[in-house]
Amino acid sequence: MTTPLLMAHGSDDGVVEFFQATEFYNFARRAEKQMVLLVYEGEDHGFLEEANQRDYHRRIVEWFGHYLKDEEAPTWIVEGVRLEDHERERARVAGDEGGGSGG
């Protein structure tokens, strides 16, 4: 695996077991590969909540902005998001908060 990978998964996915996503993520990180796993609470295999669709879309744009256009990496790519910062990060990605792509 040489290409950075962004993977999204719904916590209630009825097609792919959640443990498979976390297992893949853990193996990739142990192998020191660049990978981010996004988890959308309560979502199935396809994201039905509009807020989650928008969040995922904006993260894809930021991901490609960083890896294809050499834009500065948002914090969520480099460091992840702590649980206590989750709502603030969702608001940032949704455009509800000012600021740049530093996350």
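A residue is buried under 20% relative accessible area, exposed over 50% and partly exposed in between, with a 1.4 Å probe and protein chains only. The views show a predicted model, in which local features need pLDDT of at least 70, side-chain atom pairs count only at pLDDT 80 or more, and totals for chains, interfaces and linings use all residues. Residues are numbered from 1 along each chain as its sequence is written, and side-chain values use heavy atoms, with hydrogens and water left out.

Asp 70 is found in the loop between α2 and α3. Helices are DSSP runs of H or I with at least four residues, strands are runs of E with at least two, and both are numbered from the N terminus. Phi of Asp 70 is near 60°, a positive value in a residue other than glycine. At 70% relative accessibility, Asp 70 is exposed. Glu 32 belongs to the loop between α1 and β2. Glu 32 also has a positive phi, about 60°, although it is not a glycine. Its relative accessible area is 74%, so Glu 32 counts as exposed.

**View B. The largest pocket and its lining.**
What volume does the largest pocket hold? About 540 Å³ of space lies in this pocket. Its 23 lining residues include Leu 37, Leu 38, Val 39, Gly 80 and Val 81, the closest to the centre. On a 1 Å grid over the protein atoms alone, a pocket is an open set of points where a 1.4 Å probe fits, with protein on both sides within 12 Å along at least five of seven lines; a lining residue has an atom within 4 Å of a point. Grid points are joined across faces, edges and corners, and the volume is the space filled by probe spheres set on them. Five elements each supply at least two lining residues: α1 (18-30), β2 (35-40), α2 (50-69), α3 (75-78) and α4 (86-94). Strand β2 gives the most, with 6 residues. By class, the lining has 12 nonpolar, 3 polar and 8 charged residues. Here Ala, Val, Leu, Ile, Met, Phe, Trp, Tyr, Cys and Pro count as nonpolar, Asp, Glu, Lys and Arg as charged, and the others, Gly among them, as polar.

**View C. The largest nonpolar core.**
In soluble globular proteins, nonpolar side chains tend to be buried together. Which residues make up the largest nonpolar core? There are 8: Leu 6, Val 36, Leu 38, Tyr 40, Phe 47, Trp 63, Trp 76 and Ile 77. The largest share, 3 residues, comes from β2. Such a core is a set of buried Ala, Val, Leu, Ile, Met, Phe, Trp, Tyr and Cys residues joined through side-chain atoms within 4.5 Å.

**View D. Aromatic pairs.**
Rings of Phe, Tyr and Trp (its six-membered ring) pair if their centres lie within 6.5 Å; planes under 30 degrees apart are stacked, over 60 edge-to-face, and the rest tilted. By this rule there are 5 aromatic pairs. Among them is the tilted pair of Tyr 40 and Phe 47, with 4.7 Å centre to centre and 50° between the planes. Tyr 40 is buried at 4% relative accessibility, and Phe 47 is buried at 14%. Trp 63 and Tyr 67 form another tilted pair, with centres 4.7 Å apart and planes at 50°. These two residues are 4 apart in helix α2, which means about one helical turn separates them. Trp 63 is buried at 4% relative accessibility, whereas Tyr 67 is partly exposed at 29%. Ring pairs also link Tyr 40, Phe 47 and Tyr 56 into a cluster.

**View E. Arginines over aromatic rings.**
The charged end of Arg 59 sits over the ring of Trp 76, 5.0 Å from its centre. Arg 30 lies over the face of Phe 27, at 6.0 Å from the ring centre. For this contact, NZ of Lys or CZ of Arg must be within 6 Å of the ring centre and within 35 degrees of the ring normal. Phe 27 belongs to helix α1. At 52% relative accessibility, Phe 27 is exposed.

Val 78 is found in helix α3. Val 78 is exposed, with a relative accessible area of 57%. Val 78 and Gln 34 lie 44 residues apart in sequence and 9.2 Å apart in space, C-alpha to C-alpha. Phe 64 lies in helix α2. Phe 64 is partly exposed, at 43% relative accessible area. Phe 64 and Gln 20 are 44 residues apart along the chain, and 25 Å separates their C-alpha atoms.
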